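Here are a few exercises to work through with the model open beside you. Try each task before you read its solution.

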Amino acid sequence: MKSTSRLARVLGFRPMTVALFTVWLGLGLLSPARASVLMAMDLETLTNSADHVLVGTVEKVESHYLSAASRYIVTDVTVRSERNLLGVPEGTRFVVRKLGGAVGELGQLVHGEASYQVGEQVLLFASERQGAFYAVGMAQGAMHIYRDSAGVRRVGVDLAGAELSGPALAAAPSGRTLDEVVSQVQGYLSRRPTQSQKRSQ
Amino acid sequence: MRVLRSLLCLTVACGLWAAATPAAAYVRSYTTQGCHPVFWAQTCIYITPDSAGVPEMALSDVERVVQQSINSWQTRTRDSSFLRMNYLPATAPRDVNSLDGLQVIKFYHEQWCRPAADATSNPVCYDPAAAALTTVTYINKPTDAATDGRIVDADIELNAVFNYFYDADLNPNPDTGLIRRPADLWNTLTHEIGHLQGLEHTCRRGSFDSMPACTRDGQGNQVISCNVVESGRSSNSDLQIIYETTMYPTADPKETRKRVPHADDLAGVINAYPLVSDPRICKLPEAGVPKGGCSATAGERATQAGALSAAGLLTAALALLILHRRRRAR
């Protein structure tokens with residue numbers, strides 16, 4: 001645990017994030033599963049790597065330069081929480097940042113980053129880096145919610161991690177209901193150690 | 001007999017047609033607001049690695065692999081495409097800069113973070129899941145189709161904190177340690193240089209993919225789902241072709257098959273930058289000029305020489321025409 005903390009300090013991430021990432025990376029190396037330039041993360045890994053998890057509606061998408069001296073663009077996305085799964089009370093607003101965007105006559109494209117549209121609903125897994133929250137695993141942590149023809153809310157992603165596991169899983173029907181996915185996330189969250197348990201470790 | 005001959009002709013004709021059908025599974029990157037494809041409006045772009053390189057590889061090997069990655073594209077597109085990627089040796093420490101017009105390849109091996117721009121700002125730390133990031137900076141003029149998406153800079157940043165970059169030709173089985181994932185540098189860079197030229201991935205990873213909804217493939221169709229490709233490729237050769245492209249969005253550890261772009265990848269570059277549309281602009285950006293050195297590189301001189309010879313030919317032809325008319329008038 002001490003070495004994880006030291007590594008976390010060096011990397012600029014939280015110790016828990018580094019520990020989870022190390023375990024996940026180790027599992028990935030042991031399995032024959034394919035990885036991505038953006039290494040694919042399954043729902044459990046996304047949940048366990050997140051500081052905040054919520055279902056909400058995108059209210060505002062605003063791009064700006066990172067600082068007065070920088071010409072790198074970031075986009076701050078304001079999401080109103082409608083279902084708090086971890087750390088974002090319902091009705092409050094949560095700001096998640098993504099790399100890239102457009103400011104005036106300059107645009108920046110960062111391949112693999114999440115996309116957000118004002119008015120859409122998202123299931124968001126976010127973690128903090130350097131004072132801002134980002135979607136975990138870039139595009140993978142910002143899942144888009146849509147309604148099917150029967151009006152049921154679904155998540156437009158194969159959350160079983162089909163991208164990792166080859167043809168058999170990839171062929172599985174996509175578009176699980178939001179309720180199903182949320183209950184799975186809640187299951188993973190309930191198994192996470194609490195703050196006091198973490199302190200005693 | 002006649003029917004048989006007709007059938008044979010039809011089969012041959014179909015075969016020839018299929019062979020002549022241009023590959024078109026490629027996908028170009030689009031701007032988010034105007035939804036136009038991004039593009040370079042210049043003949044030459046310049047690519048250089050940071051001289052700090054990466055600890056696990058000798059700088060000379062990094063330089064060689066960067067050139068191999070550039071040449072993987074260049075040797076296959078140069079007869080049909082005007083875009084010229086010129087390599088600049090790693091003679092100086094480089095940081096990425098979104099406006100300097102120089103394409104920098106930068107490794108991060110201590111922290112997967114872009115350093116702070118100045119004392120008042122923070123570094124930007126990236127997601128550990130990203131093995132490499134290509135940032136393409138373009139002109140954003142959504143209502144001006146001729147200008148919107150014109151690339152001004154593209155930099156490649158490599159995550160050597162969580163990835164062990166190596167050359168599979170020199171060392172096929174590297175000892176990467178516990179944390180890092182093995183990644184053949186040539187394989188990784190050929191893919192990233194595809195992004196740098198304005199290419200997008202050849203399939204969409206579910207609806208959460210970051211490509212704008214208006215993105216279309218080379219045939220004008222919606223971009224295919226990666227799940228469809230992966231589940232159908234064993235029985236459908238078209239899907240297998242997509243799966244094998246360099247711009248396919250996944251890579252196995254130690255993979256090397258993306259080192260060389262495939263027909264679909266090449267078609268993306270050739271269609272975006274056809275020879276007939278060569279803008280004949282080849283200017284070495286200020287950031288790439290060696291300190292106290294000459295600013296023109298071989299590539300630039302070649303293009304300048306080409307432009308001069310074309311101008312010279314035009315002048316000579318004009319002079320001959322005038323001379324001819326004068327003689328006829330006499």
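**Exercise 1.** In which loop of chain B is the place of B:Pro172? Then decide whether B:Pro172 is buried or exposed.

*Solution.* Before you start, note that this is a predicted model, in which local features need pLDDT of at least 70, side-chain atom pairs count only at pLDDT 80 or more, and totals for chains, interfaces and linings use all residues. Residues are numbered from 1 along each chain as its sequence is written, while chains are lettered from A and ligands numbered from 1 in the order in which they are written.

Step 1: find B:Pro172 in the loop between strand S9 (163-166) and strand S10 (181-184) of chain B. Strands (E, at least two residues) and helices (H or I, at least four) are DSSP runs, numbered from the N terminus.

Step 2: count neighbours. B:Pro172 has 12 other C-beta atoms within 10 Å, so B:Pro172 is exposed. The cut-offs, with C-beta atoms placed from the backbone, are 20 or more other C-beta atoms within 10 Å for buried, 12 or fewer for exposed, and partly exposed in between.

**Exercise 2.** Find the order of the strands in the open sheet of seven strands, and its edges.

*Solution.* Step 1: the order reads S5(A)-S6(A)-S7(B)-S8(B)-S4(B)-S2(B)-S3(B), and the pairing is mixed. Two strands pair if DSSP finds at least two bridges between them.

Step 2: the edges are strand S5 (101-103) of chain A and strand S3 (84-87) of chain B, each of which pairs on one side only.

Step 3: look at one pair. Strand S2 (residues 44-49) and strand S4 (residues 103-108), both of chain B, run in the parallel sense and share three bridges. Here B:Pro49 stands opposite B:Ile105 in S4(B).

**Exercise 3.** How do H2(B) and H6(B) pack, and at what angle?

*Solution.* Step 1: helix H6 covers residues 263-272 of chain B, and its axis is 10 Å from that of H2(B), at an angle of about 65°. Axes are lines fitted to C-alpha atoms, for helices over the stretch in contact, and angles run from 0 to 180 degrees between N-to-C directions.

Step 2: H2(B) and H6(B) are therefore roughly perpendicular to each other. Angles under 35 degrees count as roughly parallel, over 145 as roughly antiparallel, 65 to 115 as roughly perpendicular and the rest as oblique.

Step 3: list the contact residues (C-beta atoms, placed from the backbone, within 7 Å). H2(B) brings B:Trp73, B:Arg76 and B:Thr77, and H6(B) brings B:Leu266, B:Val269 and B:Ile270.

Terms used:
Contact = placed C-beta atoms within 7 Å.
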